[in-house]
Amino acid sequence: MTAESLTLLGLETSCDETAAAVLRRHGDGRVEVLSSIIASQIAEHAPYGGVVPEIAARSHVESIDAIAAEAMAGAGIGYGDLSGIAATAGPGLVGGVMVGLSFGKAVALARNLPLVAVNHLEGHAVSARLAADIPYPFLLLLVSGGHCQLLTVDGIGACHRMGSTIDDAAGEAFDKIAKTLGLPYPGGPALERLAAEGDASGITLPRALLGREGCDFSFSGLKTAAARLAEAVTDEAGRRNLAAAVQVAIARQLTERTDRAMVTYRAAHPGETLRFVVAGGVAANRHVRERLQATATARGFSFDAPPLVYCTDNAAMIALAGAERLALGLTDGLDAPARPRWPLDTASAAANPTHTPGRKGAKA
Ligand code: KG4
Ligand code: ZN
């Protein structure tokens, strides 16, 4: 590993956020986010109740120049001060991925800088390391709008999948159920706000995969049951209570499956410090965080989650994954493809393919 300090421009355009960030990774591994700009397209997609790929791609094209310039200006540096460019190369909506990746390639070519084609999931995997010193290895729960996976993270480029969703991602379940409750897109944060005053105790929802071997997830039964209950709800108190019950049910499944993964992880790491990290948009949910923290404590794991701004999509995490790769000499050619699908753990994804459909496309 090099001991020199590295400064990278990170670019993220895989879904509905156009993001750019400048990050410095010091020789001792210390990380400084010099700027992190996120332009959300929520308002453009909201009328359609979800992300429209063509609108997303066009919007990325329109704003990437300005967002990257803003990130550079915010960091107070010029392109000549950069050590490399890190751009998300997938998985995600491929029209959008191509925008950020092509922009990154153009800058790399023009400035003769190394390019790192970053897996968006690897960005989420390292995101907690933006704000805290969390050494490898750790157990990771990655819960976002497109993904729900438990992974052992041994280092950069060394993630091993322990389980993943067999139908919807957790964030997708939040979003779809929120829609049936008449909440605006994106539903997760709106459902959390509605749930705050609710009482979950009187509502029974299905407990998918309870007691089942392994660490896979399933949210489709919960989604169907919640949709049926939502139709029958007539008043505001009923909506609040249902939102609270859904939040409890999603958090319960996440903790039950994570608890199993912790037992397996602990057996595989005897005598080691046990670390647990939760990342991705759903990690922004306070109840989910609290339940996972309690589970980690009960199993003797430390608990970390990125600050809220780094839970949802951002370019600082892409820049960090890029910096960690660059420090190891891992760079990519200008022919690096934009990939709609790109599992982090190719071996286990091939051996045990799971199905992750949904509004954002099959990102896993
Ligand atoms: O990581 P992210 O920004 O995008 C993906 O890579 O998918 O995650 C977005 C997802 C959405 O499904 C959103 O509803 C969910 O994270 N989310 C939340 C909360 N904030 C974001 N879900 C529940 N509670 C929240 N507070
Ligand atoms: Zn994401």
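A salt bridge is a side-chain nitrogen of Lys or Arg within 4 Å of a carboxyl oxygen of Asp or Glu. The exercises below apply this and a few other cut-offs to a predicted model.

**Exercise 1. Which helix and which loop does the salt bridge between R299 and D259 tie together?**

Step 1. Check the distance. The closest N and O atoms of R299 and D259 are 2.7 Å apart, and the cut-off is 4 Å, so the pair counts as a salt bridge.

Step 2. R299 is in the loop between α9 (286-298) and β10 (302-304), while D259 belongs to helix α8, so the bridge ties together parts that are 40 residues apart in sequence.

Step 3. Classify the accessibility. Partly exposed covers values between the 20% limit for buried and the 50% limit for exposed. R299 has a relative accessible area of 26% and is therefore partly exposed. D259, at 22%, is partly exposed because its value also falls in that range.

**Exercise 2. How many salt bridges does a search of the whole structure find, and what parts of the chain does the pair R325 and E122 link?**

Step 1. The search of the whole structure gives nine salt bridges.

Step 2. One of them joins R325 to E122, with 2.6 Å between the closest N and O atoms. R325 sits in helix α11 (residues 316-327) and E122 in helix α4 (residues 120-126); these are distant parts of the chain, 203 residues apart.

Step 3. Both R325 and E122 are buried.

Step 4. Now take R239 and E236, whose closest N and O atoms are 2.9 Å apart. Both residues lie in helix α8 (residues 236-268), three residues apart, or about one turn of the helix. E236 is partly exposed, because its relative accessibility is 38%.

**Exercise 3. At what angle do α5 and α8 pack, and which residues meet?**

Step 1. Recall the description used. Two packed helices are described by the angle between their axes and the distance between the axes.

Step 2. Read off both values. Helix α5 (residues 170-180) packs with α8 at an angle of about 170 degrees, and their axes are 11 Å apart.

Step 3. Name the arrangement. Angles over 145 degrees count as roughly antiparallel, and α5 and α8 are therefore roughly antiparallel to each other.

Step 4. List the residues. From α5 come A170, A173, F174 and I177; from α8 come V246, Q247, I250 and L254. Sorted by class, this contact has seven nonpolar residues, one polar residue and no charged residues.

**Exercise 4. How do α7 and α8 pack: roughly parallel or roughly antiparallel?**

Step 1. The angle between helix α7 (residues 220-232) and α8 is about 170 degrees, with 11 Å between the axes.

Step 2. Because this angle is over 145 degrees, α7 and α8 are roughly antiparallel to each other.

Step 3. In the contact, L222, A226, L229 and A230 of α7 meet L242, V246, A249 and I250 of α8. The classes are eight nonpolar, no polar and no charged residues.

**Exercise 5. Which backbone atoms does the side chain of T13 reach?**

Step 1. Locate T13: this residue is in the loop between β1 (6-12) and β2 (17-25).

Step 2. Classify T13. Its relative accessible area is 1%, so T13 is buried.

Step 3. The T13 side chain reaches the backbone oxygen of G96 at 2.7 Å and the backbone nitrogen of G100 at 3.1 Å.

Step 4. Beyond four places in sequence, T13 is in contact with several residues, among them T18, H60, I64 and V97.

**Exercise 6. Where is T258, and is T258 buried or exposed?**

Step 1. T258 lies in helix α8.

Step 2. The relative accessibility of T258 is 0%, so this residue counts as buried.

Step 3. A polar atom of the T258 side chain is 2.6 Å from the backbone oxygen of L254.

Step 4. Setting aside residues up to four places away in sequence, T258 touches L141, L150, F276 and L292.

Technical notes
Residues are numbered from 1 along each chain as its sequence is written. Chains are lettered from A and ligands numbered from 1 in the order in which they are written. This is a predicted model: local features need pLDDT of at least 70, side-chain atom pairs count only at pLDDT 80 or more; totals for chains, interfaces and linings use all residues. Side-chain values use heavy atoms; hydrogens and water are left out. Helices (H or I, at least four residues) and strands (E, at least two) are DSSP runs, numbered from the N terminus. Buried means under 20% relative accessible area, exposed over 50%, partly exposed in between (1.4 Å probe, protein chains only). Axes are lines fitted to C-alpha atoms, for helices over the stretch in contact, and angles run from 0 to 180 degrees between N-to-C directions. Angles under 35 degrees count as roughly parallel, over 145 as roughly antiparallel, 65 to 115 as roughly perpendicular and the rest as oblique. Contact means heavy atoms within 4.5 Å. Ala, Val, Leu, Ile, Met, Phe, Trp, Tyr, Cys and Pro count as nonpolar, Asp, Glu, Lys and Arg as charged, and the others, Gly among them, as polar. A polar contact is a pair of N or O atoms within 3.5 Å; within protein, one must be able to donate a hydrogen and the other to accept it, and residues adjacent in sequence count only if both atoms are side-chain atoms.
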